[in-house]
Amino acid sequence: LLHLGREYPKGGDYFRDRLRAAFAKNRSVQDPEQIKEMIARGEYVARELEALYYLRKYRAMKKRYYEE
């Protein structure tokens, strides 16, 4: 997640602080099922960030080659 956050629109520092706060908030969780749910949610967030980056790159490429 931290690697994906480097290109976050509000900046890598903002993303890193938010990510650190999220991990710190949940550090006391001990239940394995709840940990699995949190990992699944983190993977979902990573996929969504990746999709947003690909969309941004696609729009930039389209803007470069097609005038609308």
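Predicted model: local features only at pLDDT ≥ 70, side-chain atom pairs only at ≥ 80, totals over all residues.
## Basis of the model

Local features require pLDDT of at least 70 and side-chain atom pairs count only at pLDDT 80 or more, whereas totals for chains, interfaces and linings use all residues. Residue numbers run from 1 along each chain as its sequence is written, and side-chain values rest on heavy atoms, with hydrogens and water left out.

## Overall fold

The protein contains two helices and zero strands; helices (H or I, at least four residues) and strands (E, at least two) are DSSP runs, numbered from the N terminus. Its radius of gyration is 16 Å, well over the 11 Å that the globule rule gives for 68 residues, so the protein is more spread out than a compact globule. That radius is taken over C-alpha atoms, and the globule rule is 2.2 Å times the number of residues to the power 0.38. Along the principal axes, the C-alpha atoms fill a box of roughly 55 × 25 × 15 Å.

## Surface and charge

Of the 68 residues, 12% count as buried (buried: under 20% relative accessible area; exposed: over 50%; partly exposed: in between; 1.4 Å probe, protein chains only). The accessible surface amounts to about 6,400 Å², and carbon and sulfur atoms account for 53% of this area.

The protein carries 16 positive and 11 negative charges, whose mean positions lie 5 Å apart. Lys and Arg count as positive and Asp and Glu as negative, while His and the chain ends are not counted; each charge is placed at NZ of Lys, CZ of Arg, CG of Asp or CD of Glu.

## Largest pocket

The largest pocket has a volume of about 800 Å³. A pocket is an open set of points on a 1 Å grid where a 1.4 Å probe fits, with protein on both sides within 12 Å along at least five of seven lines; lining residues have an atom within 4 Å of a point.

The lining comprises 17 residues, of which L1, L19, A22, R41 and V45 lie nearest the pocket centre. Helix 1 (12–25) and helix 2 (32–65) each supply at least two lining residues, and helix 1 gives the most, with seven.

K57 belongs to helix 2 and is exposed, with a relative accessible area of 56%. The C-alpha atoms of K57 and Y8 are separated by 13 Å, although these residues are 49 apart along the chain.

R59 also lies in helix 2 and counts as exposed at 57% relative accessibility. R59 and L49 are 10 residues apart in sequence, with a C-alpha to C-alpha distance of 15 Å.

Key
Areas by Shrake-Rupley, 256 points an atom, 1.4 Å probe, with all protein chains shown as cover. Points joined across faces, edges and corners; volume = space filled by probe spheres on them.
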